[in-house]
Amino acid sequence: MAANGESQAPEGEHPDDKSRTTPLQIFALSYLYSEESTQRQKEQFLDSQRLVTHHWRSSVLSRPIYMTVRELITILPLSIVPETLTAQGVYEQLNILADRGLLEGKGSYLSEEQASYYITGTGMLFIKRYYAGLSKAIKDKRVYEENIESIEGNGKIKEFLKGIGGKLKERSQEEIADEVLSGVRTYGPLLITSLIHIVTKSP
């Protein structure tokens with residue numbers, strides 16, 4: 001049992017059980033997915049430039065983006081962090097994700113705060129499914145917009161979220177998830193926190 005009271009996933013349990021995933025864990029997965037996607041976009045752009053100028057592509061395999069416990073703590077919004085949470089608690093929550101196969105961890109001889117993690121392919125699929133579920137939160141437009149207005153954040157983020165709601169009938173769940181994750185690359189941690197707020201408030 002972790003310090004925050006969340007039990008680890010029993011062997012054979014499916015990693016997509018969203019009910020066991022805390023806001024902090026969703027934030028970590030979302031942020032790492034965003035960083036990974038941004039890095040891949042940069043690499044693809046550089047590769048296309050090489051192809052034009054030098055007529056060759058890079059054969060170097062992409063490396064995953066790591067984040068330490070300490071780095072995560074510096075960007076964690078207080079609104080999703082329990083008052084009693086410690087660095088040890090953050091470390092344990094990330095280890096739970098690693099046990100579920102959503103993150104891959106690398107320990108540190110210095111301290112638990114220096115332990116680092118990257119998002120796995122399974123973790124990427126999990127977070128895409130999580131945001132695909134946003135379509136359920138959008139079905140009641142009045143409640144959805146009330147939830148947006150209750151968010152502490154800038155107007156651009158609220159407009160972005162309202163825009164997604166207006167496109168629900170035109171988009172598949174996968175398209176909504178892709179647009180949301182593209183927005184995360186643009187707006188960063190503030191949008192992640194807002195999305196968690198909306199998804200957790202949806203029936």
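**Helix packing in a predicted model**

Colleague: Which residues of H3 are buried?

Modeller: This is a predicted model, where local features need pLDDT of at least 70, side-chain atom pairs count only at pLDDT 80 or more, and totals for chains, interfaces and linings use all residues. Residues are numbered from 1 along each chain as its sequence is written, and side-chain values use heavy atoms, with hydrogens and water left out. Buried means under 20% relative accessible area, exposed over 50%, partly exposed in between (1.4 Å probe, protein chains only). In H3 the buried residues are Gly-89, Val-90, Tyr-91, Glu-92, Gln-93, Leu-94, Ile-96 and Leu-97.

Colleague: Is Ser-34 buried or exposed?

Modeller: Ser-34 lies in helix H1, residues 23–54. Its relative accessible area is 5%. Contact means heavy atoms within 4.5 Å. Leaving aside neighbours within four places in sequence, Ser-34 touches Val-184 and Arg-185. Ser-34 is therefore buried.

Colleague: At what angle do H8 and H9 pack?

Modeller: H8 spans residues 173–187 and H9 residues 189–201. Axes are lines fitted to C-alpha atoms, for helices over the stretch in contact, and angles run from 0 to 180 degrees between N-to-C directions. The two axes lie 6 Å apart, and the angle is about 140°.

Terms used. Helices (H or I, at least four residues) and strands (E, at least two) are DSSP runs, numbered from the N terminus.
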